[in-house]
Amino acid sequence: MAGVTARFLGSWRIATMEQWDREYLDMVVPASVSFAARGSGELQFGTVHGWLDCRFEERGGVPRVEFSWEGDSEGDPVCGRGWAEADTGGTLKGRLFFHHGDESEFTARRRRASARGAGGRRRKDLVHHTARSRSRTSG
């Protein structure tokens, strides 16, 4: 199963979702989904930010991840489930479900490794920005 898991590891840029346009997808940060080796992950698009509990498998010879997720949207708790399949060209195709709510197909492309974090800022800039924000609120 390690080979299947490795196909998903890392960060993926959400390219399209059938229910939402690009403007909404990238409203807060560039829309993305990521997967870690221990079966965890994260997704963020629009005002939705969630954490994943993943299971990696192969179904009919196709690498697949199924996950449940929970998080928030505009401060309100949200949760659901989803799945994605990885092709050999570096594309994920899947479906995301909100519990008792919307569902949407999505496609994502693997992100190249970089020193940038959420919102395109360099990680060291994020640390500096966070420290500066804390010092403003603690005084």
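This is a predicted model: local features need pLDDT of at least 70, side-chain atom pairs count only at pLDDT 80 or more; totals for chains, interfaces and linings use all residues.
Seven bridges join strand β6 to strand β7 (residues 91–98), and the two strands run antiparallel.

**The neighbours of β6**

Now look at the other partner of β6. Strand β5 (residues 62–73) pairs with strand β6 (residues 76–86) in the antiparallel sense, over ten bridges. One facing couple to find is E70, which stands opposite C79 in β6.

What holds paired strands together? Strands of a sheet pair through backbone hydrogen bonds, either parallel or antiparallel.

**The whole barrel**

Stepping back, the protein chain has three helices and eight strands. Read from the N terminus, its elements run α-β-α-β-β-β-β-β-β-β-α. The eight strands close into a barrel in the order β1-β2-β3-β4-β5-β6-β7-β8, with antiparallel pairing. From one strand to the next, the twist averages 30 degrees.

Which strand pairs with β1 (residues 10–17) over five bridges? Strand β8 (residues 103–110) does, in the antiparallel sense. In this pair, T16 stands opposite T107 in β8.

| Strand pair | Bridges | Sense |
|---|---|---|
| β1 and β8 | five bridges | antiparallel |
| β5 and β6 | ten bridges | antiparallel |
| β6 and β7 | seven bridges | antiparallel |

**Inside the protein**

The protein chain has 139 residues, of which 35% count as buried. In soluble globular proteins, nonpolar side chains tend to be buried together. Here the largest nonpolar core holds 28 residues, and the ones touching the most other members are F35, F45, W69, L92 and L96. Strand β4 (residues 48–59) gives this core its largest share, four residues.

Take W69 as an example. Leaving aside neighbours within four places in sequence, W69 is in contact with several residues, including L43, W51, V78, C79, G80, L96 and F98.

Is Q44 buried or exposed? Q44 has a relative accessibility of 17%, so this residue counts as buried, the cut-off being under 20%. Q44 is found in strand β3 (residues 40–45). Not counting residues up to four places away in sequence, Q44 touches I14, V28, V29, P30, A31, S32 and H49.

**Out in the loops**

Two loop residues deserve a visit. E74 lies in the loop between β5 and β6, and its phi is near 55 degrees, a positive value in a residue other than glycine. The relative accessible area of E74 is 67%, so E74 is exposed.

H100 is found in the loop between β7 and β8. The phi of H100 is also near 55 degrees, again positive in a residue other than glycine. H100 counts as exposed because its relative accessibility is 77%.

**Contacts and surface**

Two figures describe the chain overall. Among contacts with a separation of 6 or more in the protein chain, 34% are between residues 24 or more positions apart. The protein chain exposes about 8,600 Å², and carbon and sulfur atoms supply 49% of that area.

Note on methods. Residues are numbered from 1 along each chain as its sequence is written. Side-chain values use heavy atoms; hydrogens and water are left out. Buried means under 20% relative accessible area, exposed over 50%, partly exposed in between (1.4 Å probe, protein chains only). Contact means heavy atoms within 4.5 Å. Accessible areas come from the Shrake-Rupley method with a 1.4 Å probe; for residues, only the protein chains shown count as cover. Two strands pair if DSSP finds at least two bridges between them. Axes are lines fitted to C-alpha atoms, for helices over the stretch in contact, and angles run from 0 to 180 degrees between N-to-C directions. A nonpolar core is a set of buried Ala, Val, Leu, Ile, Met, Phe, Trp, Tyr and Cys residues joined through side-chain atoms within 4.5 Å.
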